[in-house]
Amino acid sequence: MKVLFANIEDVMREAAARWTLIAYFCLSTLFVIIFAFSVNLDVVDGALAGAKLFGNNVNMNGSSVSIEKVVLGFESGFSGFLYFLCTFLAIFATAHLVPRMQEKGTVDLYLSRPISRFKLLMSRYFAGLILAGTNIAYLIGSMWLIVVWKTHVVHPRFLLAGLIIFFVVATLLAFAFLIGVVTSSTAVSIMSSYAVFFFGFMLAGHKRFAAAVSKEWQAGLINGLYWVLPKTAEMFGAVISFVSEQRLPRELGGALTPTPFLATGAFAVGCLALASWLFHRKEF
Amino acid sequence: MNVIEVRGLRKTYKSTLGKRVTALEGIDFDVAPGELFGLLGPNGAGKTTTVKILLGLTRATEGTATIGGLPVSDPESRRRVGYLPEGHKIPGYLTAKQALSIFGRMSGMTSADLTARSKELLDVVGLGAWGDVRVKKFSKGMTQRLGLACALVHRPTVLLLDEPTDGVDPVGRREIRDLLQHQARTDGTAVLLNSHLLSEIELTCDRVAVLRRGKVAVAGRIEELTRTTAQYRMVASPVDENLLAAFRETGAAVERVNGHLVLSVHDLQHLNTLVDRTRSAGVMLSELTPVRSTLEDVFVDLVRTEAAQ
């Protein structure tokens, strides 16, 4: 535990010193503030009688809408947006953790301590998760509180959607660690993680792509990649589906099912296992 | 029992094109508790590779290395090892106290123990007033002192130091030398020093091993390696050519060097004959001392031999 806490302190101090942490939370706060002041709702007897967005009246066609429905619709749409924002910010703020540790003159200071390389790598991974997780909790928690404050509708599913986003961040961070161990480059780690994120989205249509190619091995490759890479599209669908309690189009995961979670989790575990093995074998 | 034991250590690196480069070709050495041991050698001789193997930073191709009886592949072997790498980069965003705290806890120390230890160590390395200043504001010499404090923070029984006085001023060098000798003599710490500063090694270490092309070319106690030669340094006046001719008649080789004479003699009796001749010529003898070779002479001889081969 001493090693874990020492690493967490190291990671947090570094994030603060490099302005990563401050910028990370400032951006999130800015976003929260804009949201808090841009949305003004006029709720009468549990129904939305009028709404203003950035000072402009929203056309309600003279009818009132159930505030519960408005909140549900808003939160499900917004959770999708936060899925992208949180994931991108988190990877940007944490992908340097391994490359920075592996710098010549620094890695010796860490590895000359009586801790196994596995423990060292994992403690930095957990430190990264705490950094990312804190921001996700802050961003989603703030938005949720603003919605409760403005509408008096308490809908905890939006809050819990943060767990799915955190799960995706943990998966991509595992991949960023793997790339970091191999290349010792922060830029490559960030780019690769974003690439995997987008590939995951593209491969949601793997059946159509596989049907369109002429060779069997090409179809096999597309299907194989689909099963290997994290299911970022399905996770996106899962976030919205979870918040809205509605079934989504099939390509976005349809309903909440455990398969995309299991496949994505397996990818994360595989990345961490490979990163640990390579880090253990690496000579400095 | 030796704290560090190295037996038949070999290391071959593979280049990206598959070519093999041998860094170590089966070296052996031991370091006992309380001993100051120097590792010398020209660039590429294998010094850094040896230290890296001892720390588990790289793996030996063959042979064994143990610290405190544990194989170096076991992280526990580093429990009581302090290491100061050459060109180390203590994160600049940490203050001196934070650096000691983080690296101390990584070595298993408790926060309570660290508070007192940090203060004590920062005073010892002359950074007592700099504990709350970020490392990025430190000069090279100060960073080096802090690196030494980080290596000592968990009270190690083995110290592996790579160029510990690099960038440190002469007074600081002396302080570091005194500190290392105190660690060895008082606390029984085994110190392995890897340095290019031969005078530092000569002044600090008890024993050295000189590596050449991945092998131990020479090893032994400093006084054995820098043994007395058959040469003597004579300061006398006035010395004229007649006296030098009289010395040469006896078979001695004589050389004038910076106002004194360097005499090469066969033995002590021969030396006394020269002294008799000096006195009988009415020359006033003010100094006669044996010439010892320095560690630098030993080192340069080895490097020249290598170049000749």
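## A first look at two chains in contact

In this predicted model, 22 residues of chain A are in contact with 26 residues of chain B, contact meaning C-beta atoms, placed from the backbone, within 7 Å. Local features need pLDDT of at least 70 and side-chain atom pairs count only at pLDDT 80 or more, while totals for chains, interfaces and linings use all residues. Residues are numbered from 1 along each chain as its sequence is written, and chains are lettered from A in the order in which they are written.

On the side of chain A that touches chain B, helix 1 (2–17) and helix 5 (107–111) each supply at least two residues. Helix 1 of chain A gives the most, with nine residues. Helices (H or I, at least four residues) and strands (E, at least two) are DSSP runs, numbered from the N terminus. The table sorts this side of chain A by class.

| Class | Members of the class | Residues on this side |
|---|---|---|
| Nonpolar | Ala, Val, Leu, Ile, Met, Phe, Trp, Tyr, Cys, Pro | nine residues |

Six strands form an open sheet in the order 6-7-8-3-9-10, with mixed pairing; two strands pair if DSSP finds at least two bridges between them. Strands 6 and 10 (215–221) of chain B stand at the edges with a single partner strand each, so one side of each has no neighbour in the sheet. From one strand to the next, the twist averages 15°. Helix 4 of chain B packs on this sheet, touching strands 6 and 7 of chain B, and its direction makes about 165° with that of strand 6 (axes are lines fitted to C-alpha atoms, for helices over the stretch in contact, and angles run from 0 to 180 degrees between N-to-C directions).

How many of the 13 residues of helix 4 of chain B are buried? The count is 11, so the helix is mostly covered; buried means 20 or more other C-beta atoms within 10 Å of the residue's own, the C-beta atoms being placed from the backbone. Among the buried residues are Met142(B), Leu146(B) and Cys150(B). The partners they pack against in chain B include helix 2 (96–106), helix 3 (111–124) and helix 5 (170–187).

Back in the sheet, four bridges join strand 3 (residues 36–40) of chain B to strand 9 (residues 207–212) of chain B, and the two run parallel. Gly38(B) stands opposite Val208(B) in strand 9.

Key
Buried ≥ 20, exposed ≤ 12 C-beta atoms within 10 Å, placed from the backbone. Contact = placed C-beta atoms within 7 Å.
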